[in-house]
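Here are my notes on this one, written as a colleague would jot them down. Keep the structure open while you read, and check each point as you go.

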Amino acid sequence: MYQALYRKWRPRTFEDVVGQDHITTTLKNQVAAGKFSHAYLFTGSRGTGKTTCSKIIAKAVNCLSPVDGNPCNQCEICRGIDDGSILDVVEIDAASNNGVDNIRQLREEAYFLPTVAKKRVYILDECHMLSAGAVNALLKILEEPPEHVIFILATTEIHKVLPTILSRCQRFDFKRIKSRVIADRLLYVCDQEGIQLEDDGAMLIARLADGGMRDALSLLDLCVSYSQRITLETVTQAAGLTGRERLFALVGAILSHDPTGALQVVEELSQNSVDFTRLCEQLVSHYRDLMIVKTVREPDDLVQGTQEELEQLQKQAGELPLPQILEGIQLLQDSMGRISRTPFKRTELEMAVLRLCGQGQPSSASNPLEERVARLERMFQQGAPQQSQPPASPPPQTSNNPPATPKPAKKAAVQQVEPFPRWAEVLEQLKKRNGALYGAMVESRAFTNGEMMLVDCPNELFRTLLRTSVAAKESLRDSILAVTGQKFSLGPYNPEKYAVVQRDPLTDLVEKAKAMGVPVEES
Ligand SMILES: Nc1ncnc2c1ncn2[C@@H]1O[C@H](COP(=O)(O)OP(=O)(O)O)[C@@H](O)[C@H]1O
Ligand SMILES: [Mg+2]
Ligand SMILES: [Zn+2]
């Protein structure tokens, strides 16, 4: 029968447990000296060795011929505990046995002497799940545990454990295990199993496991089902990852503002059934690497990868200003949030990629449409009134100078404003920042003259919120800033004071395309 690697390779001695030396040394010494505690609390993320160490203690204190604090793993007691036939060692999953009756029963039983072993050992997993009643029942026995009983409580969520419990236990914090340490353990296991595992494959598994040995071994199991010889590619494929070189190609296309090239890479990946959520994660960490390489003098310790990859990262980071890297991270993280919720994962990712392509792209003067957009933007910034121009008029040659039209007189009776085309995006931003205000503004529209954002909203709550709450105003301003990159002052739209100039639909389209990072073709 096939046994999962993580079960098969559960450490059987304290020395066998990796990455938790501060704990295992102490425990071993305590057991060897017979000075162990009657109540331990093990905390730390999953798969770091909590249950493993509990089992080793249970065996070590009961073993017929212990070796230096370790169990022999051969005597009948050790074997009986391993195969679960010795009932003096009890593992309880508090997640499913969390009631007061469960603990009362445990307490009654605990006062009886053990039947075969020397000590009764209770391993209470996920102890933060115990009900209030159960905790009270447990406290009574933790206050004065009988000499023949050891409690080992384990939890992944220490902040949910009551202080009254904490104060009665000796606490050990299991750390996330370093990637290198996990990789070495994987290499050891493979060596014993006759599996060929290459070092960079081991490192990649370790990084994906994020400090947990159980996940690392499960991932190794998955790779084994692909091939008995595990390379970087095997891991990449088994985990639904994108190879680093594809990732470089994708980011390379983004950096050269080449949406077609970038989407081609996405298409190829899609054919290799890449997981788009993972791809988005990988893009985030690629941008994170770019940030590190850009800002840290000696990034080698902080960025994983070969020397060649590091050089490639340095090259890409050289082409991208830091603000854009940061903006890219933000943009990708926003997409991460959405991608897990939408069934259109690929589309979401493609939109993110297109936006990245459009980042910091200079508008080329040879492109009349872009020039028009740029002109419009300048006018926005300068607050100049909109001249009614025929849609296809050629760009003026004064591109670096302010438009020749005079600024509107201060007391102008009627000001010209335009509908603000990206209002839906602003509301989308607002939804995250201020749900109440968003709710009030669902049916709103906005107009702008480039400086002011004039909101037209029929909802009374909107007016009240804006009048009474500074936070509400701030959240709206921040949302506008997030979309436009510009600070607008806010005001109500009053049809008597403002004349709306309709934008021609082409301009809107160009604006939208630009917002999505799609470079605009010549018409
Ligand atoms: N520190 C470790 N050293 C070696 N293997 C470990 C370690 N931690 C976990 N493992 C592996 O992961 C499996 C699950 O570990 P376990 O101790 O049950 O984790 P948890 O901390 O969630 O209780 C073990 O069977 C073992 O294969
Ligand atoms: Mg466990
Ligand atoms: Zn033994």
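1. Sorted by class, the shell around ligand 1 has nine nonpolar, seven polar and six charged residues. Here Ala, Val, Leu, Ile, Met, Phe, Trp, Tyr, Cys and Pro count as nonpolar, Asp, Glu, Lys and Arg as charged, and the others, Gly among them, as polar. That shell is made of 22 residues, and the closest are R10, G49, T51, T52 and M213. (A residue is near a molecule or strand if its C-beta atom, placed from the backbone, lies within 6 Å of it.)

2. A word on what you're looking at: this is a predicted model, where local features need pLDDT of at least 70, side-chain atom pairs count only at pLDDT 80 or more, and totals for chains, interfaces and linings use all residues. Residues are numbered from 1 along each chain as its sequence is written, while chains are lettered from A and ligands numbered from 1 in the order in which they are written.

3. (Helices are DSSP runs of H or I with at least four residues, strands are runs of E with at least two, and both are numbered from the N terminus.) Domain 1 (5–173) and domain 2 (179–238) both contribute to the shell, so ligand 1 lies between them. The domain bounds come from an automatic or database domain assignment.

4. Now the parallel sheet: five strands, open, in the order 2-3-4-1-5. Strand 2 (89–93) and strand 5 (170–173) are at the edges with a single partner strand each, so one side of each has no neighbour in the sheet. Strand 1 (residues 39–43) runs parallel to strand 5, joined by four bridges, and Y40 stands opposite Q170 in strand 5. (Two strands pair if DSSP finds at least two bridges between them.)

5. There's another open sheet of five strands, with mixed pairing and the order 11-10-9-8-12. Strand 9 (residues 445–448) and strand 10 (residues 452–456) are antiparallel, with four bridges, and T448 has M453 as its bridge partner. Look at their hairpin too: three residues sit between the strands, and G450 has a positive phi near 100 degrees. Strand 10 pairs with strand 11 (residues 489–492) in the parallel sense, again over four bridges; here M453 is partnered by L490.

6. Over residues 383–412, though, pLDDT is below 50. Residues 363–370 also stay under 50.

Definitions and conventions
pLDDT is the predictor's confidence in each residue, from 0 to 100. Two residues are in contact if their C-beta atoms, placed from the backbone, lie within 7 Å.
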